[in-house]
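Hi everyone, thanks for making time this morning. Let me put the structure up on the screen, and then I'll walk you through it.

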Amino acid sequence: MRGISWQGLAVSLGALGLLTSLQTSDDENPHARAPRGVSLVVTAGSWLRAPSADWFAKQAKSEPSRFTHDATAAGGVGGWVDSRGEYSLSEVEGEWAYWQWVSPERLTAGRRDFVQFCSSCHGLDGDGYGRSAQHLRPTPRSFQQNKFKFTKVIADLPSDEALMTLIKRGLAGTPMLPWDLSDVQLLDIIQYIKSLSPEESGWRDVYSQVGDPVEVGEDPWADIKERAIARGREVYHGAASCHLCHPGYVTNEQLRVLRKDPEGTVYREDLTYPALKDSEYEVLGRATKVMPPDFTWHQLRAGITTADLFQTIASGIKGTAMPQWKGAIPDEDLWALAHYVEDLIVSYKDQPAVRGAFMKGLRASGDN
Amino acid sequence: MRTPSLAQTLILSSLVLTACGGGGESSAPPPGGGPGAGPGGPSTEAPANGGSGASSPAAGPKAWSDSAGTATLSGSASLAGDVPAPIQVAMDSDPKCVEMNSGGATDGSVLVDASGGLQNVFVYVSKGTDAWTFTVPEEPVILDQTGCNYTPRVVGMMTGQALRVQNSDPTVHNVHTYPKKNRASNVSQPAGSKPLEIEMKRSEVLVAVKCDMHSWMQARVGIVDNPFFAVTAADGSFTLPKLAAGEYTVSAVHEVFGKASKQTITIGDGEAQSISFEFSK
């Protein structure tokens, strides 16, 4: 029954959409002008930034029937071509770039599901301010900002797979639930979300790069966890100085030893608390601040396995104070940090008595 | 107003076909047709690719040569009203920063000398250079982090030129850029790290660079399509040497006081002219 009523609505609104688009056919950007608030039908397709050559090569291995490397594609220089004609290679300002064509039919399907499942929080136009958004913390993401916190991707934008994984897993401790939709539905919704990028930004920007989550690789500390935790504690309070934003989990005296600072060095007064930081996220034009998590207390959003933590630390969290650490410190130190943070979570989180005693011990040490 | 592109024409025609024909196969634009013209099609003549423009049509802009620039524009920027009192910055979150600023630190966003000269104003030619294409300098513009501050605080560079951010401090920083038209980035840079190279492919004035770990640390980068830009010195003065004769619009922007009103000048070969920009609180 529901399918039929959606279809009926789509057909009648489709006619409306056609009229609107004919009236504004000389507009520079008919897609962005489509009055989404009233029509469920998207009348024009979109060229969107697709994943990189590496992604195509990887997909081609698992799905050889779909992707072919065509030496004659795009003027004989060669590139990846999708058997459905959805991806192609194109020359942009002397650089070779990948683009994906998304048809209006597909965007319409994505919009229909978006309106049903996502819009109450993320807004009909994806501005992050739907009917339920007013009282939600953290605030729902605006898809017009092209920034995604927890996709574990270093590139500017997450690949479809990275977004799909995020939606399926949900974000722990937030109103973003794990979504049990079909892959087809999710991919349609994702295409629609991507098309909400303002002109020349995000998925509609020639220079943006799309990437997969950071490769996990092998944990160099797998058999020597205790040493990893000790090393992680050193890096956390030393070279990486995580305690500048997150809490320090040591006394001032221990910190002086870890950092090899001279006797009498003073650190921030609230060392055992996180420090509130600016973020790039806006709600109705107002900037929001973000509290870096206290690992012994707050729920982490994007997983708490060693591998999850490794990926999140490596990639950083887009739009926030948390930078990319991959490349800044050696991978084995990234893994050590992941082990240390995991140990903090396992040892203290959701155990108020144990945690209370631990933090009280740090704070009572005299100068904290 | 740009003319409807190939992609848009195809999108429109496929839309009409789909809508009238009842949803048949929609034909995707051919590879190579869409992206360049569709999202973010290059709207400017890209002088960035100086090397590949050898066979461009003769009617287009000419390659700039320094010998054409014989005129000099100089001037100054000033702030109206009282000289603001310096604001103390508390660096106590990081003892390494406190150590390097033992005499105390003040906020460097507004620097005014006794006679009102305003430092760190980014002055650039915003119009009048369309007749030339410019070669983007190979060498990067350097932004250093010393004493838990950016040095210099304001830098200018050409579109496509690299910004090399280096950390000379014995502590960690994160280099967080806040562009609106370019790719954003946020990468950490512990003590002793090798420099980061950041590229800005579109002109944008001014892009903020901040360190989240040390919230007082801020810099600004002005990115323009021509080499005619300058940052005012401690007394508010600036010089744009090597301008060719012609009519130009000159703009000036300060990170706190925003834009001063633009000025249009006409300058002849070998001439020297002077203009001034006034900012108000």
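**A loop arginine and its surroundings**

Let's start in chain B, where B:Arg202 sits in the loop that links strand 13 (196–199) and strand 14 (204–210) of chain B. Helices and strands here are DSSP runs, H or I of at least four residues for helices and E of at least two for strands, numbered from the N terminus.

Before I go on, a word on what you are looking at: this is a predicted model, in which local features need pLDDT of at least 70 and side-chain atom pairs count only at pLDDT 80 or more, while totals for chains, interfaces and linings use all residues. Residues are numbered from 1 along each chain as its sequence is written, and chains are lettered from A and ligands numbered from 1 in the order in which they are written.

Back to our arginine: is B:Arg202 buried or exposed? B:Arg202 is buried, because 22 other C-beta atoms lie within 10 Å. The cut-offs are 20 or more other C-beta atoms within 10 Å of a residue's own for buried, 12 or fewer for exposed, and partly exposed in between, with C-beta atoms placed from the backbone. Setting aside residues up to four places away in sequence, B:Arg202 touches B:Thr159, B:Lys181 and B:Asn182. Contact means that the C-beta atoms of two residues, placed from the backbone, lie within 7 Å. There is also B:Val224, 22 residues from B:Arg202 in sequence, with 7.9 Å between the two C-alpha atoms.

**The sheets of chain B**

Two strands count as paired if DSSP finds at least two bridges between them.

Strand 2 (residues 71–79) of chain B pairs with strand 21 of chain B in the parallel sense, over eight bridges, and B:Ser76 stands opposite B:Ser276 in strand 21 of chain B.

On one strand, B:Asp144 faces B:Gln166 in strand 10 of chain B; on another, B:Asp144 stands opposite B:Thr151 in strand 8 of chain B. Strand 7 (residues 141–146) and strand 10 (residues 162–167) of chain B are parallel, with five bridges, whereas strand 7 and strand 8 (residues 149–151) of chain B are antiparallel, with three bridges. The hairpin of strand 7 and strand 8 of chain B has two residues between the strands, and B:Gly147 takes a positive phi near 60° there.

**Over to chain A**

Chain A has 12 helices and nine strands, and 45% of its 368 residues are buried. Which residues have the most contacts inside the largest nonpolar core? They are A:Ala240, A:Leu334, A:Leu337, B:Phe122, B:Val123 and B:Val221, in a core of 136 residues. A nonpolar core is a set of buried Ala, Val, Leu, Ile, Met, Phe, Trp, Tyr and Cys residues joined through C-beta atoms within 7 Å. Helix 11 (residues 331–348) of chain A gives the most to this core, nine residues. Beyond its neighbours within four places in sequence, A:Ala240 has contacts including A:Leu337, B:Val172 and B:Pro190.

Let's finish with A:Asp350, in the loop between helix 11 and helix 12 (352–363) of chain A.
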